[in-house]
4 protein chains.
Amino acid sequence: MQTASVGIIGASGYSGLELTRLLARHPKVQLRFLTSDRWVGQEVSKHARVSSTLRYVSVADGLAQAAQCDSVLLATPAESSLELGPKLRALGTRVVDLAGSFRLKDRAQYPKFYRFEHSAAAQLEEAVYGIPELFRAQTTGRPFIANAGCFATVAALTLAPLLRAGLIDPDSVVINAGSGVSGAGRKATEAYGFMEIDGDFRAYRVLSHQHTPELDQTLTAVAGEPVSVVFTPHLLPIKRGILCTSVARLKPGIDPARVAAAFVEQFGQEPLIDVLPDPHDVRITEVVNTPRCALGAATDGKHVVSVGAIDNLLKGAASQAVQNLNLQLGFSETEGLR
Amino acid sequence: MQTASVGIIGASGYSGLELTRLLARHPKVQLRFLTSDRWVGQEVSKHARVSSTLRYVSVADGLAQAAQCDSVLLATPAESSLELGPKLRALGTRVVDLAGSFRLKDRAQYPKFYRFEHSAAAQLEEAVYGIPELFRAQTTGRPFIANAGCFATVAALTLAPLLRAGLIDPDSVVINAGSGVSGAGRKATEAYGFMEIDGDFRAYRVLSHQHTPELDQTLTAVAGEPVSVVFTPHLLPIKRGILCTSVARLKPGIDPARVAAAFVEQFGQEPLIDVLPDPHDVRITEVVNTPRCALGAATDGKHVVSVGAIDNLLKGAASQAVQNLNLQLGFSETEGLR
Amino acid sequence: MQTASVGIIGASGYSGLELTRLLARHPKVQLRFLTSDRWVGQEVSKHARVSSTLRYVSVADGLAQAAQCDSVLLATPAESSLELGPKLRALGTRVVDLAGSFRLKDRAQYPKFYRFEHSAAAQLEEAVYGIPELFRAQTTGRPFIANAGCFATVAALTLAPLLRAGLIDPDSVVINAGSGVSGAGRKATEAYGFMEIDGDFRAYRVLSHQHTPELDQTLTAVAGEPVSVVFTPHLLPIKRGILCTSVARLKPGIDPARVAAAFVEQFGQEPLIDVLPDPHDVRITEVVNTPRCALGAATDGKHVVSVGAIDNLLKGAASQAVQNLNLQLGFSETEGLR
Amino acid sequence: MQTASVGIIGASGYSGLELTRLLARHPKVQLRFLTSDRWVGQEVSKHARVSSTLRYVSVADGLAQAAQCDSVLLATPAESSLELGPKLRALGTRVVDLAGSFRLKDRAQYPKFYRFEHSAAAQLEEAVYGIPELFRAQTTGRPFIANAGCFATVAALTLAPLLRAGLIDPDSVVINAGSGVSGAGRKATEAYGFMEIDGDFRAYRVLSHQHTPELDQTLTAVAGEPVSVVFTPHLLPIKRGILCTSVARLKPGIDPARVAAAFVEQFGQEPLIDVLPDPHDVRITEVVNTPRCALGAATDGKHVVSVGAIDNLLKGAASQAVQNLNLQLGFSETEGLR
């Protein structure tokens with residue numbers, strides 16, 4: 001494929017806006033339509049501040065053009081992508097889904113973690129889970145990619161080298177993370193008002209966040225043995241970015257020097273991952289507004305503390321979706337991201 | 001004792017200022033002297049914004065009045081309190097030490113965690129460790145109390161009920177905490193400048209923070225068996241407050257309902273602890289500017305996540321020191337705090 | 001009057017909560033009822049974190065008890081206080097109104113600035129405007145006091161000494177102010193979300209804010225000649241506090257030394273005003289959580305720049321209402337505030 | 001000139017880093033050297049996060065290469081640029097100076113506003129003042145351009161259309177502005193610590209800021225008659241951006257509709273200025289990280305309130321310097337900025 005025609009459904013959320021900006025500048029992509037309920041008829045250039053002659057359309061009008069697209073990206077709530085995924089595939093269009101409705105292979109978990117019964121078994125089977133640095137072999141050329149969740153992305157990257165190399169006890173993993181407010185999406189509730197957020201920090205969805213089964217599934221695939229994590233997300237008084245601190249027990253008899261080596265071996269050549277020598281250098285401000293993930297781990301010979309940081313709207317959503325789109329369509333993985 | 005005469009050494013740090021405000025209003029305490037290197041000769045009322053006719057004096061001038069004091073509180077760097085503690089005890093004065101130099105009973109740990117050899121063996125033996133809600137029986141009436149560290153206080157409170165009741169595996173404890181910038185003290189370095197802190201979040205002293213051995217010592221005493229924790233502190237873009245998220249494995253066969261019950265049993269009647277039904281209600285903004293600790297725990301039958309919040313300058317320093325001072329001098333423990 | 005029985009209508013807004021805290025500790029006041037639509041039936045102690053056995057009631061239930069009150073304070077939207085003021089006066093109850101509906105003497109201005117026709121002419125005539133430091137002689141013992149607006153309070157205090165002493169051109173006054181987000185009240189709109197406010201600063205209600213005619217009326221009374229100001233409020237990314245910068249032309253031939261002298265003469269003995277020697281020392285963080293106003297002015301011989309700061313919820317609302325209540329009932333003006 | 005060889009002296013300050021990023025991507029510019037005292041020998045790519053093989057050098061090493069440069073940009077303190085400007089001109093190199101030492105034509109003002117005697121009369125005479133939207137005719141092709149100050153840039157743009165069209169009284173101009181902390185440069189003082197800045201807002205250099213004479217000089221040139229402003233800068237608790245609110249009296253008999261028209265006429269075609277219909281739409285967050293200036297004005301028929309916003313490090317420093325460099329070297333003015 002020389003260039004691709006692409007649509008975005010759900011282009012006015014925070015992730016959808018970032019996706020618009022990235023794809024508007026992508027040298028191989030031609031944006032064909034963008035849907036937004038709140039901005040139907042308004043100029044894309046005004047809201048996304050990109051050079052474009054497009055105007056936002058309704059979802060129905062977007063779907064009407066989808067068959068002419070090489071791929072459509074879904075940046076909608078999960079309930080919507082659950083409906084749109086099958087419709088788009090029926091039109092023969094490829095899909096990259098940024099919502100969560102096609103990430104968990106076990107349908108039984110959707111009622112608990114997403115509060116719906118999963119109604120699209122065929123597409124769920126077709127969908128492949130997309131974190132390119134871990135699964136690019138499986139996603140290249142595939143028609144339906146489920147873009148990984150923000151917390152799940154960074155947490156998986158802090159742990160994958162340790163699990164692949166068999167350095168840590170898969171039953172000992174405790175993950176804590178703090179996210180900026182944009183992770184909650186564009187909701188006008190008092191809970192996300194400045195008066196509530198500024199000066200505060202708190203845990204949420206304790207022992208019940210939907211990225212916990214996503215991480216178990218991902219890390220089990222990476223480790224080749226069952227992994228079950230405890231994950232606690234927290235809300236930070238900042239706009240963007242996630243810092244994730246993963247703790248695990250080193251297996252008995254493991255040489256501590258293998259910890260740092262595992263990260264260099266696995267990710268040292270990755271174009272979008274910075275393996276730092278010290279976890280103290282991993283900071284949100286160093287990755288915000290970039291498609292990169294910073295990683296750094298330390299060990300005292302008994303435990304490993306592995307720290308990672310990403311921009312939740314980019315590597316945690318839009319820029320990772322561009323990586324996955326590039327893999328799907330056969331472009332260079334970092335096309336449009338460097 | 002009807003009323004006590006009290007001095008503060010190190011009254012211009014953030015904790016020292018809070019201590020000044022609390023003691024200036026304490027109905028049973030008469031402030032006799034306050035030392036401050038930066039403000040010698042200046043009015044206490046101006047800097048601490050309290051009603052007082054005192055002026056700050058040098059440490060030497062403070063020591064000259066110490067023998068007339070019923071107790072002296074040390075809010076200095078640890079290196080200073082290591083020297084001042086023995087001097088004050090030689091004068092026969094009681095001590096409440098807010099620095100860390102008398103918290104760890106094992107002298108061998110000071111070089112690693114405090115970067116000095118401990119030179120005051122007698123006072124270290126005399127000192128008792130002060131978190132009133134856990135150890136008030138041991139601290140009442142004692143002449144030398146080592147006030148607990150900020151992280152150590154809140155982390156110990158999130159875990160003590162679980163360990164005392166034997167509900168969690170003592171080898172599985174992972175603690176993560178975020179602290180406001182005042183925890184770093186009044187340092188004019190670029191690292192704590194607004195440009196570095198705003199919008200950021202990062203881990204520090206990974207696997208090497210001095211509150212780790214303090215927690216091991218405290219929780220081992222509470223549990224009656226060896227406890228060894230992994231503790232990772234983080235720096236929050238806020239001024240004040242700590243939120244601590246402790247994770248541990250529930251012992252096999254434990255009824256999950258015992259988790260909530262343990263907190264109510266142990267702390268339900270504590271005047272300065274709020275046991276909340278849900279960890280999501282534990283928030284920094286609810287405890288900042290109060291002497292209180294908020295606690296809330298949840299379990300899924302396999303793990304417990306226990307969340308606590310305090311004001312690092314109050315329950316994490318100054319107001320806990322007032323609790324300990326009250327115990328030392330025989331006053332009601334919450335005198336001056338309600 | 002030895003002690004007074006007092007009610008609060010609108011006790012769950014930010015100002016209402018501060019008022020509750022102040023009056024719960026006021027040595028001469030007994031709170032009889034507090035109304036809150038959102039918290040009817042819930043404990044006052046829980047939301048306001050004060051010692052109280054009261055529960056919030058509906059406005060109707062509050063009015064049923066109003067005749068037994070010595071005074072009722074209104075912390076409602078302006079439309080509500082416009083209705084409640086006459087009802088309370090018909091019951092013979094005194095009123096302190098924190099809303100704006102009785103501040104402007106000229107009824108013709110309400111449609112433009114408050115978007116309603118003023119329907120309560122008798123009470124508007126009865127009402128006296130309350131900034132104690134400027135008008136305590138007029139408000140003492142009066143049954144209906146219109147508590148001044150937040151911006152109007154601090155701006156009037158930055159200018160009154162200059163106008164009273166005839167030092168500045170009354171036609172040259174330009175006022176700019178920045179306010180924390182709590183000034184907008186408890187609104188769950190996207191405009192006051194963390195994502196919109198953090199990192200931003202902007203002007204609002206340019207040339208149309210309702211405190212402009214309030215300031216013209218106040219400063220004209222103070223100056224004894226017509227004063228017409230240009231006032232531009234701005235929204236700050238902070239929770240609480242207002243800083244106001246007033247600029248005016250010095251009248252020809254005025255000795256510049258008279259500027260500082262005017263502030264000392266007028267306010268040097270005021271218990272709640274800090275006249276600072278330098279406008280650079282006037283800072284929001286020095287007055288937040290206090291009932292005080294800080295003022296500092298400078299001149300270059302041609303213009304005066306006068307800077308003031310208050311807590312918008314205290315001196316800009318609740319604590320000033322307590323001053324006015326004290327004056328109304330014959331208590332010492334700062335009772336309950338020191 | 002096809003492409004230019006350019007050096008930067010003072011590349012590790014906040015403005016210097018932005019300049020590095022802009023020029024590293026500038027299609028017509030080849031960076032030849034960058035000096036930094038703190039980072040001598042370190043890689044430019046690491047600190048500025050740009051693609052570059054250069055390492056920072058000392059000022060002496062930079063000067064040794066300056067004769068081979070088409071232009072050198074100075075992002076140093078004013079005292080340094082005062083010395084470096086003449087040295088560079090003696091080598092025959094063109095200069096764009098981001099410091100303030102060549103902005104004021106009246107040498108008598110330097111001791112008061114910059115605290116030095118101006119020692120470089122020839123270069124001061126040669127230097128032309130650079131705000132391209134006001135003075136591009138005068139700066140095109142000139143060898144020494146004094147890049148305008150951050151506050152002076154945005155304030156001048158809020159007022160120039162009004163003064164050029166003769167709509168406002170030149171003696172009535174009052175300017176207030178708030179700036180993010182980066183405006184103070186990279187100083188590790190307690191005054192710019194997070195603990196001092198967060199939650200605060202205050203005025204500084206009242207009636208004495210060095211941009212006041214710069215504005216008087218600029219606006220007098222624009223108006224063709226003497227203009228003398230009152231300017232009060234304030235410090236905002238944000239990292240980047242300036243919002244400026246300028247107030248002036250409309251001349252008698254002026255049709256209010258001419259206010260909006262004047263902005264459209266003067267700046268409607270400017271590629272880097274957004275003339276907005278409403279001053280409420282002018283917000284710092286809309287211009288941060290862009291080279292743009294947003295402007296919006298309102299009038300009530302008596303006064304004009306004109307609001308402007310820029311990124312202090314871009315349009316207030318680095319990106320405006322690139323505009324001026326482009327003019328100096330004959331490139332398209334927005335080359336490297338769109």
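Predicted model: local features only at pLDDT ≥ 70, side-chain atom pairs only at ≥ 80, totals over all residues.
**View 1. A parallel neighbour for β12(C).** Here we look at strand β11 of chain C, residues 273-275, which runs parallel to β12(C) and is joined to it by 3 bridges.

**View 2. An antiparallel neighbour and a hairpin.** On to strand β13 of chain C, residues 303-310: this one pairs with β12(C) in the antiparallel sense, over 7 bridges. Among the paired residues, A297(C) has S306(C) in β13(C) as its bridge partner. The two strands, β12(C) and β13(C), form a hairpin, and 3 residues sit between them. In that turn, look for G301(C), which has a positive phi of about 95 degrees.

**View 3. Where chain B meets chain D.** Now we switch to another pair of chains. The contact takes 12 residues from chain B and 12 residues from chain D. On the side of chain B that touches chain D, there are 6 nonpolar, 3 polar and 3 charged residues. The copies meet through the same surface, because 100% of the interface residues of chain B are also interface residues in chain D.

**View 4. Turning chain B onto chain D.** A rotation of 180 degrees, with 0.0 Å of shift along its axis, superposes chain B on chain D with an RMSD of 0.0 Å. The two copies are therefore related as by a two-fold rotation axis.

Terms used. Residues numbered from 1 in each chain as written. Chains lettered and ligands numbered in written order. Least-squares fit on C-alpha atoms with pLDDT ≥ 70 in both. Contact = placed C-beta atoms within 7 Å. Nonpolar A, V, L, I, M, F, W, Y, C, P; charged D, E, K, R; others polar. Pairing = 2+ DSSP bridges. Helix = DSSP H or I, 4+ residues; strand = E, 2+ residues; numbered from the N terminus.
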